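I opened the model to look up its salt bridges and one of its helices. My entries follow.

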Amino acid sequence: MMNNEIKKNPLTYISLFSSAGVGCYGFKIEDFECIATNEIIERRLNVQRHNNKCRYETGYIVDDILKEETKNKIRKELEFWKKNHNVKELDVLISTPPCQGMSVANHKKGDELARNSLVIESIRLVDEMRPKFFIFENVRAFLNSLCTDIDGKDKKIREAIELNLGGKYNIHYQVINFKDYGNPSSRTRTLVLGVRKDLQEITPLDFMPALQKEKTIREVIGHLPSLKVMGEIDIKDIYHNFRSYAEHMRDWISGTKEGESAFDNKNPKYRPHKIIDGELVSNTQKNADKYSRCFWDKVGPCIHTRNDILASQATIHPSDDRVFSVRELMRLMSIPDSFKWTATPEKVLNSLSLVEKSKFFKREEMNIRQSIGEAVPTTIFQQIAKNIKKSIQKNILDEKDIENIILDNDLVKIENLKYFLKKQLANYSFAELSKIVELANAYRFKHAAYYTRQDICFTVIKDLPDASNYNSIKILEPSVGAGNFLPLLVEKYKSVSSVQIDVIDIDKNAIDILKILISKLNIPTNIRINFLNEDFLLFGKTGLFTDESIHYDIVVGNPPFGKVSDNESLLIEYKRGKFNTKTNNLFSFFLEKSINHADVVALIIPKSLLSAPEFDATREFVSRFAISKITDYGEKGFKGVKIETISIILNTTKQRLHNPVLVESYVKHELGFKDQDYICSKDFPYWLVYRDSFFDHVASKLNFGIFTAYRDRQITKQHTKLNGRVRILKSRNIGSNKIVDIPNYDSYVDEYKSLAIAKYLNNIEAVLVPNLTYNPRACFLPKNSLVDGSVAVLIPKLDVEITKNDLAYYNSEEFVEFYRVARNYGTRSLNIDNNSVFFFGLSKV
């Protein structure tokens, strides 16, 4: 519970549409400081005051969130905490917007689009304030309900959240029943959990509440005293009360058994009715559970706002002729007894006379009951708060820590590594142990460590088909390594009745180590993991897999990126039956093989797939199928490894025609849908995932395919000197229509005839463009000069006149931005080859 003093680095949150603060009370229990809470109904907000939710009175904001003045008040509170309490940034933003337009319990829906659109105000504030985490909670239909987005267009709420925040946050969407997560009553709700993408090794699944065995009503409230007299109030507990109702209605329910409704009575006079002009007119039963008595030995029903009347849904006590008391409702909604509904202490309330207690209830009961009915159960938010606190406060091992562990324990040796894992299994997280394994392997094999962080794995797993699509599922991880995808796969598909996960690795030690690591995970009994020491690329040819018809629902993983260069016979086998036989790169073989064995393929691979000539055939093959998502990590996929990566998810059972592709960019912090035929258009030599209207406008003014490109691969520093007969130009020497002289940088050679690039000496048509730059510029090749590999030589294909004005355009702001899009905002894959040279076009005018 919150202490009196504010901690040095307090955990903070802001709550929007917070009602009485029942859910947010869980954050208070976990010592989070509420910077601001916004609720439009003052009697609800007063309950939060009674619980001292905010440190400062200005934190309680009773106003309409649509008003800019209201948002300014929230901003002002955050700035106050930053200035006065060492708060660098907001930790959590919580939003539980009104749900009447989406709720199945609301039979009086009108035009609810505007009400549903209140969620957009939450999206705006998340985007503006950039908290580390955000939580949206609402009814089951929340994500598919329409809202008017920031751009003025009507969209489904899920799409609005994803398009506005998906570029900056990893977001998890899940419909769950809170009864399976520790709440003592049924409540099917949508949770949307977001983690800012700069928070490495943390995913939204890390702070989901935990699955728990459901509790029966008897377990939760069976010990509370029975109340038989209408208007009765437990002398020891004012909130355990028999709410009065019309006496004639008691006959309707008094004879009902558990699970029965008053409408089930055979005698019409004992069914809900009215007397009109002396005649009995039966009421209409709009819901099957109206006037129904609950079961003692089943989980509690969903608690609605009209929990005060018999005519509402499943409100009647299992044995008493009454609706549930306030205390019973609190227990069924996991609201702690410490929660206060009024400023008057409970001890004082219990000492009041029956008349005074009745007056209290007349004044307060409906606000309390409605507040409970529209609340998030306290335990749900408390679990989330606890998990967030753990994520924020835990010390994640960095590369230096892990390096010291590896060296101190000599983990390069396999037996030492296995021994260490067994002994330290309880002391480190699965992610930390996996990272130790990957880095130890890197030391042993003397290669870069391609450890896949959990947050990166999440970007792949989150957009795989939902668990609800399957009764049983078969998943393959074709190069499992330390099993980085497994925790998230288990979490995502644990609700499927039967799950088979086959994990393959060519290295037997990797399989043995993974068997140790996997004991760290809590694997449900419905999930079976098969460990296979196989070469995936020989899948179906040798070993256990001898049937090419073996098929998986999903293949997911991070295959090796290297090339096969020292085993010609193995390379021949790898290439057999492949569409692209010009490459020796393993990832291309893995990608094709996966496509042939699965409905859905999701792999992390080099970004060079998008554009390199080496993978022209691979792109042609892959683009036959429906690509559902491409994520561009740039260089942020693997820490300390200078390689650009992407992930691709595709569905082999669907065709590409009119297929929307979700393009996620860690480079531009953006996310959006683009048509597959648009980004994979055959009008251009490769895929353009950042293609947009600006690119199209510039492209419409240019004729492309003017040049071929040549790059030298011979000249090194060993060939050059400070003076000589022929100047060797390098990238920094190339200006826009000029050569730049740079002291102590310029180079020369005397002997050049043996160099392949010598054929361009004194070629007046040759155009020079620097490689590896986002600052394109061009000039003609000067006399008595050649270039090294940092400069591309462009030669016109046709008999066209190239002018200095043409070359000057390549250094214009317009072309520079166009070129960034044309190069997919790459940083490492910027060499000018015979694909990318296509975009050095000439004006049509």
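I looked up Lys73 and found this residue partly exposed, with a relative accessible area of 33%. My classes are buried for under 20% relative accessible area, exposed for over 50% and partly exposed in between, with a 1.4 Å probe and protein chains only. The model is a predicted one, in which local features need pLDDT of at least 70 and side-chain atom pairs count only at pLDDT 80 or more, while totals for chains, interfaces and linings use all residues. Numbering runs from 1 along each chain as its sequence is written, and side-chain values use heavy atoms, with hydrogens and water left out.

I then looked for the partner of Lys73. Lys73 forms a salt bridge with Asp63, with 3.7 Å between the closest N and O atoms; the term requires a side-chain nitrogen of Lys or Arg within 4 Å of a carboxyl oxygen of Asp or Glu. Lys73 lies in helix α3 (residues 68-84) and Asp63 in the loop between β3 (60-61) and α3, so the pair ties together parts 10 residues apart in sequence. Helices (H or I, at least four residues) and strands (E, at least two) are DSSP runs, numbered from the N terminus. Asp63 is buried, at a relative accessible area of 12%.

I stayed with α3 for another pair. Glu79 forms a salt bridge with Lys82, the closest N and O atoms being 3.9 Å apart. Both lie in helix α3, 3 residues apart, about one turn of the helix. Glu79 is partly exposed at 46%, and Lys82 is partly exposed at 33%.

Next I checked Asp297. Its salt bridge is with Arg218, and the closest N and O atoms are 2.7 Å apart. Asp297 sits in the loop between β11 (279-282) and α9 (326-332) and Arg218 in helix α7 (residues 217-221), so this pair ties together parts 79 residues apart in sequence. Asp297 is partly exposed at 49%, as is Arg218 at 41%.

I noted the count for the structure: 61 salt bridges. I also noted a network of salt bridges that links Glu162, Lys197, Lys462, Asp463, Lys629 and Glu664.

Last, I turned to helix α13 (residues 399-408), where the buried residues are Ile402, Ile405 and Ile406. Seen down the axis of α13, these fall within an arc of 95°, so they line one face of the helix; the arc is taken from the directions from the helix axis to the C-beta atoms. Lys400 and Asp408, on the other side of α13, are exposed. Just after α13, I found Asp410 with a positive phi of about 50°.
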